[in-house]
Amino acid sequence: MAPPSRRLQTKPVITCLKTFLISYSLIFWFTGVILLAVGVWGKVSLEAYFSLASNMSTNAPYVLIGTGATIVIFGLFGCFATCRGSPWMLKLYAMFLVVVFLAEFVAGISGFLFRHEIKTVLRDAYKSAVNDYNNTDTRSAAVDAIQRTLHCCGIDEYSDWNKTDYFKENGIPVSCCKEHTGCTVETRKDMDKAKTEMFPTGCVALVTTVMESNLGIIAGISFGIAFFQLIGIFLACCLSRYITNNQYEMV
């Protein structure tokens, strides 16, 4: 049995670690809420861009939503484990933080790597969507949404539509029109008349900018939260060790 003075020295350390870990767990819980919100935002705001590349679809928003929900649950578990002062619960909490750290670190790296390749991927995907445009399927709806939202038309310019099958029968899509009042079928079928009625900027450059900036935000948040886990891992392991040693000293 350890001297009383040594046990008295250990208890303030345990109390201090508990305070820090509870504070950390609450912040960790809040980061889960942020990830959950970012995932929902990515799903809603970037849906049109993701749906363009149906053969290269991504589950990134769903991964963020799932990760955020799991973090919310384990953040509460961390608070409970800390209050209980259970070494095995604290070790389980630390193991979970390690898994989350690795997952978010890999996700962050993947996001940054994809940023550099996104221009080629999006150009090919958008070109394919424009060539296959029929005004009825999901990819066509995505093209219309992008052209209306970003005020752009075609791949590099409005004249790109002249090469499509849709143009021969219907002209340039209505989503390219600046104003719907003067944008008649006759105007949309005549490239010279359409020049003044259509958005002058192509969509690929604008879409690339939007996607790069948004993926950069998501990757940056993932990196930041990933390195934040290291603090929790350190606190949980230290608290578990001190509690175990204190229980041993009392025997």
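View 1. The model is predicted, with local features needing pLDDT of at least 70 and side-chain atom pairs counting only at pLDDT 80 or more, while totals for chains, interfaces and linings use all residues. Residues are numbered from 1 along each chain as its sequence is written, and side-chain values use heavy atoms, without hydrogens and water. I146 is placed in helix α5. C203 is 57 residues from I146 in sequence, with 7.6 Å between their C-alpha atoms.

**View 2. Helix α5, residues 138–150.** Helices are DSSP runs of H or I with at least four residues, numbered from the N terminus. The expected span is 1.5 Å times one less than the number of residues, so the 13 residues of α5 should span 18 Å, in agreement with the 18 Å between its end C-alpha atoms. Its buried residues are R139, S140, A142, V143, D144, I146 and Q147.

**View 3. The largest nonpolar core.** A nonpolar core is a set of buried Ala, Val, Leu, Ile, Met, Phe, Trp, Tyr and Cys residues joined through side-chain atoms within 4.5 Å. The largest has 27 residues, and Y126, C153, Y158, W161, I172 and M198 have the most contacts inside it. α4, α5, α6, α8 and α9 each supply at least two residues of this core; α9 gives the most, with 5 residues.

How values were computed: Buried < 20%, exposed > 50% of the residue type's maximum accessible area, 1.4 Å probe, protein only.
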